[in-house]
Amino acid sequence: MRLDIITIFPEYFAPLDVSLLGKARRKGLIDMAVHDLREWTHDRHRTVDDTPYGGGPGMVMKPEPWGEALDAIAPPADVTGQPAEVVGERADGVPRLIVPTPSGRPFTQALAGEYAAEPWLIFACGRYEGIDSRVVEEARGRMRVDEVSLGDFVLAGGEVAVLVMVEAISRLVPGVLGNFDSVTDDSFAPGAMESLLEGPVYTKPPVWRDRAVPEVLLSGNHGAIARWRRDQALRRTVANRPELAARLDPESLDKHDRQV
Ligand code: ADE
């Protein structure tokens, strides 16, 4: 999978060299490049923002550097309609552009899974009051574009949102996690955990500060352990995310679930 990130703060992305993602990059599973948007400015001050039309507070990111950056990273098709030859050996058809913004569609585990199956993603990190809207409009003419929000809060810019999304997406790329099973047990994972939060977990020692690990987990009875885990997941979902619990398909609940 190829990932391109466009930002005015490339240094934000240093952590992507460590841990799971660093390993995936070294193994060649993820090919990532971080681009400084200011490379595509032409004035002495390398200006990327300007005052908003219509007035109001803050600044808006200018369209020109964004347009040039996207053209350089994913060259548009030529006049014959043929896809342009992409510079470098990292070409892979047409990318999907992801623009983090609090005004976007919600980022979910399902969307992370969808992105993990794409060969090429470009992330555009906006700052200030956002990017001139014509950039997304124009890009939609030649690639799929998603404006995506991490939740109902406002960050100072898209960088941290992209770090979050890249981590969530890359761990779903086959080969990145050592134990792929752990992905299917995750909260929100498609399948049995779709609308459920994962329950509590324990490790050794069996008793710590007078607190014992629930006995069933030491029983070796796999059926009983699975039942206990599902009960815990249901309880936690009802307590912390009642709106998620309300969405559980009644058909998917067995008699025991209903008692929880
Ligand atoms: N940029 C600023 N706030 C954001 C949010 N909540 N989600 C995604 N990108 C953002």
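Residues are numbered from 1 along each chain as its sequence is written. Because the model is predicted, local features are reported at pLDDT of at least 70 and side-chain atom pairs at pLDDT 80 or more, while totals for chains, interfaces and linings use all residues.

Of the 260 residues, 23% count as buried. Here a residue is buried if 20 or more other C-beta atoms lie within 10 Å of its own, exposed if 12 or fewer, and partly exposed in between, with C-beta atoms placed from the backbone. Among the contacts with a separation of 6 or more, 73% link residues 24 or more positions apart, a contact being two C-beta atoms, placed from the backbone, within 7 Å.

An open sheet of 5 strands sits in this fold, with parallel pairing and the order S2-S1-S6-S5-S7. Strand S2 (31-36) and S7 each have a single partner strand and stand at the edges, so one side of each is left without a neighbour in the sheet. On average, neighbouring strands are turned by 25° against each other, direction ignored; axes are lines fitted to C-alpha atoms, for helices over the stretch in contact, and angles run from 0 to 180 degrees between N-to-C directions. Strands count as paired if DSSP finds at least two bridges between them. S1 is largely enclosed by the rest of the structure, because 5 of its 6 residues are buried. Helix H5 lies across S1, S5 and S6 and runs at about 115° to S5.

What makes up the largest nonpolar core? This core has 42 residues, of which Ile6, Ile122, Phe123 and Ala124 touch the most other members. The elements that give two or more residues to the core are strands S1 (2-7), S4 (60-61), S5 (96-106) and S6 (120-124), together with helices H1 (19-26), H2 (63-73), H4 (134-139) and H5 (158-170). A nonpolar core is a set of buried Ala, Val, Leu, Ile, Met, Phe, Trp, Tyr and Cys residues joined through C-beta atoms within 7 Å. Not counting residues up to four places away in sequence, Phe123 touches Ile5, Ile6, Ile98 and Val162.

An unreviewed UniProt entry lists Gly126, Leu150, Gly151, Asp152, Phe153, Val154 and Leu155 under "binding site"; its positions are given in the numbering used here, feature names are shortened, and annotations may be inferred rather than shown by experiment. Phe153 lies in the loop between strand S7 (144-149) and H5, and counts as exposed because it has 7 C-beta neighbours inside 10 Å. Leu155 is found in the loop between S7 and H5, but its 16 C-beta neighbours inside 10 Å make it partly exposed. Leaving aside neighbours within four places in sequence, Leu155 is in contact with Val160 and Ala161.

A few backbone details deserve a look. The peptide bond from Lys204 to Pro205 is cis, with omega near 5°, and Pro205 is found in the loop between helix H6 (181-184) and strand S8 (207-208). Tyr128, in the loop between S6 and H4, has a positive phi near 55° although it is a residue other than glycine. With 17 other C-beta atoms within 10 Å, Tyr128 is partly exposed. Phi of Asp210, likewise a residue other than glycine, is positive and near 70°. Asp210 is found in the loop between S8 and strand S9 (211-212), and is exposed, with 5 other C-beta atoms within 10 Å.

Definitions and conventions
Helix = DSSP H or I, 4+ residues; strand = E, 2+ residues; numbered from the N terminus.
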